[in-house]
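Let's take a friendly look at how two protein chains meet. Have the structure open as you read.

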Amino acid sequence: MFKIVKRTEMAQGTVILNEIEAPLIARKAKPGQFVILKSHEEGERIPLTMAETDPVKGTITIIYMVVGKSTALFRDLKEGDGYQDVIGPLGRPTHVEKVGTVLCVGGGTGVAVLHPITRAMKEAGNNVICVIGARNKDLLILEDKMKTASDDLRVCTDDGSYGHHGFVTDIVKKVLAGEKVAQVVAIGPVPMMKAVSAVTKEFGVPTMVSLNPIMIDGTGMCGGCRVSVGGETKFACVDGPEFDGHKVNFDELMMRLRAYCDEEKQCYEGYCRLSDG
Amino acid sequence: MAEKQAKPGRVPMPEQDPAVRRRNFEEVPTGYTAAMAQEEAARCLQCKKPGCVEGCPVQVDIPGFIRLLTEGDLTAAIRSIWQKNALPAVCGRVCPQEIQCEGKCILAKKGTPVAIGNLERFCADYERNHGTGALPPKADPTGKRVAVVGSGPSSLTVAGDLILKGHAVTVMEAFHKPGGVLVYGIPEFRLPKAIVAQEVNFLERLGATVECNMVVGRTVTLDELFEQGYDAVYLGVGAGLPRFMNIPGENLIGILSANEYLTRANLMKAYKFPEVDTPVPMGKNVTVLGAGNVAMDSARTAMRLGAEKVRIVYRRSREEMPARSAEIHHAEEEGIEFMLLTNPTRYIGDERGRLTGMQCLKMALGEPDASGRRRPVPIEGSEFELKTDLVIVAVGSGANPLLTQSTPELALNKWGYLITDPDTGKTSKKGVWAGGDIVTGAATVILAMGAGRAAADSIHKYLNWGW
């Protein structure tokens with residue numbers, strides 16, 4: 001069992017942080033890598049990119065939004081409870097080097113994944129500008145940590161309840177128009193990564209995105225996570241999860257993410273009925 | 001003077017009725033009773049120079065265990081098998097005995113060979129259900145440590161052999177359950193997962209340690225294993241990289257590799273969804289591409305998941321189908337249709353990106369190719385559309401590069417498989433052996449076990465006398 005040593009609720013209980021004892025993974029993990037988790041015997045295997053790792057304490061941290069049955073089951077785990085299986089670190093680590101100014105863009109829980117990458121970019125000596133966004137003020141996470149990790153943090157909300165009123169792309173445009181940016185990193189919901197990539201393409205700035213297709217094994221064995229990048233099929237779990245945002249077929253990714261929407265709904269509704277009564 | 005005469009026919013193995021079993025996941029052959037096993041065992045002529053042992057890649061003392069079985073000493077019979085084979089319940093079920101032990105049985109020349117596989121299976125099942133639990137004898141501890149990477153058939157064989165020789169063995173598996181292809185690939189109705197768990201538990205009772213969730217190459221590297229004090233490493237990581245056809249539309253929803261389909265159905269038990277949380281697509285009109293054992297397993301799984309129609313589409317003819325004849329026969333009995341000399345050229349989907357059909361070409365057989373099989377050539381103008389809502393791609397698999405990429409000093413051939421010494425399984429890196437599908441490409445369970453046996457002998461020599 002992989003014990004949960006710390007559990008925090010964020011964004012009014014819709015987003016959960018679990019710090020999990022996994023010393024072997026904590027020792028090896030690098031920014032951008034993910035783990036596969038399974039909470040119990042009948043559970044499914046879910047991929048989540050690590051938000052933080054502590055090799056000394058031997059822990060890894062994941063932050064996730066409750067969107068279906070599996071994440072609801074994860075939410076129900078208390079401090080001292082544990083995950084039955086945690087596998088990792090998986091995927092290729094983020095390529096980090098000193099390139100000048102790096103613009104990090106995060107949306108929703110993607111900010112959790114963006115945080116370790118942002119920190120690594122800054123530690124590598126880059127000037128780091130960050131833009132983070134959420135639907136509203138209550139759903140915004142990790143603002144303080146992102147502030148510390150970057151040289152300049154801009155915040156926006158879809159409804160204008162905090163920071164800039166509008167999408168992250170508005171600010172990305174503004175930054176790119178005003179400064180010489182060497183590299184953009186965009187992590188968040190697929191439509192957001194698609195929109196940011198479209199903007200950065202106009203400016204000709206290399207853009208890295210972290211993709212989140214459906215996965216089962218996470219070790220390249222099944223091809224469930226296949227994505228089209230530059231017209232070629234790639235397996236996100238071993239070739240990614242990070243890819244060149246200007247080459248990713250986002251529409252296909254969005255389509256494939258909906259493959260099991262009926263089953264997911266059936267599963268979640270069954271779970272909700274059970275927990276209600 | 002009447003000589004002992006073998007009875008002509010073998011005792012048939014009882015099976016579930018095809019009309020019933022095609023919709024359930026229970027095992028198809030239901031196994032011998034003790035009386036059936038003894039009747040079949042009595043057919044063995046106890047040859048002085050037994051061909052059957054030669055035909056067995058791990059050289060089980062076949063006449064020996066059959067004699068113990070006829071004498072009624074089942075505990076001794078299973079202990080005799082264990083001396084050479086740690087996975088008898090598996091081998092009795094999935095070995096292609098017709099080309100191995102049974103193919104070399106003297107009775108095969110005149111009539112039907114002794115049902116060695118069925119008898120091996122009976123002994124293992126009897127021990128599991130009614131046995132004494134007594135373990136085979138083990139050598140004194142040598143103080144040497146061996147890491148076995150992967151937990152499929154070749155790895156489990158290495159672990160079984162080395163633990164009996166007194167070495168400390170740790171098996172490292174990337175999945176959350178041990179067994180490799182035995183748990184994620186071969187379906188429940190051919191090999192119940194409880195049996196695989198039991199065989200692994202047997203190794204643990206012998207003293208082996210099994211660590212799951214260990215992705216060697218990621219969680220720990222090969223060099224770190226040596227730093228941690230392992231004296232030798234065996235790589236039995238399999239050929240788990242699925243091949244696709246690379247034709248247009250392949251990423252539509254409803255097209256899965258056989259690896260994904262079978263992993264969902266077997267390892268994740270998606271056939272019990274929503275009782276378990278992992279879903280698997282339920283096709284009504286299912287097409288399986290390929291005609292090997294994996295294709296048969298996929299097709300028969302789809303039928304059990306409630307498909308109305310399941311078709312195998314294969315570009316060559318019946319003669320070239322690589323699956324075991326018993327599997328093809330079982331598939332046909334269960335209502336699987338075969339569309340031969342047919343090759344898909346592109347997939348067709350609807351506006352939601354879901355598969356609705358497949359464009360195909362009819363093929364004809366041309367001249368023999370490098371593999372000696374006649375090469376299929378397309379017949380011009382023979383295009384037609386096939387309606388299908390689920391395609392399972394079972395056209396083979398390649399070498400998974402995850403481990404080999406992180407260990408550049410391991411020599412690979414042009415297909416990414418590990419290069420090893422054919423007799424010993426030694427790789428180009430000192431202290432590292434490999435065997436099974438990561439060396440040969442996708443092959444059979446028993447060939448992987450034979451490779452494991454050779455490597456285990458070589459590792460044992462190395463631990464005693466050096467590289």
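How many residues of chain A are in contact with how many residues of chain B? The count is 49 residues of chain A and 44 residues of chain B, where contact means heavy atoms within 4.5 Å.

## The model

This is a predicted model, in which local features need pLDDT of at least 70, side-chain atom pairs count only at pLDDT 80 or more, and totals for chains, interfaces and linings use all residues. Residues are numbered from 1 along each chain as its sequence is written, chains are lettered from A and ligands numbered from 1 in the order in which they are written, and side-chain values use heavy atoms, leaving out hydrogens and water.

Chain B has an average pLDDT of 93, pLDDT being the predictor's confidence in each residue, from 0 to 100. For the complex, the predictor gives an ipTM of 0.94 and a pTM of 0.93.

## The buried area

About 3600 Å² is buried between chain A and chain B, and carbon and sulfur atoms give 54% of it. Buried area is the accessible area (1.4 Å probe) that two parts lose on being put together, summed over both. On the side of chain A, the residues that lose the most area to chain B are A:Met221, A:Arg226 and A:Tyr260, together 18% of what that side buries.

## Charged partners

The interface of chain A and chain B holds 3 salt bridges (a side-chain nitrogen of Lys or Arg within 4 Å of a carboxyl oxygen of Asp or Glu). A salt bridge joins the side chains of A:Glu41 and B:Lys177, at 2.8 Å from N to O.
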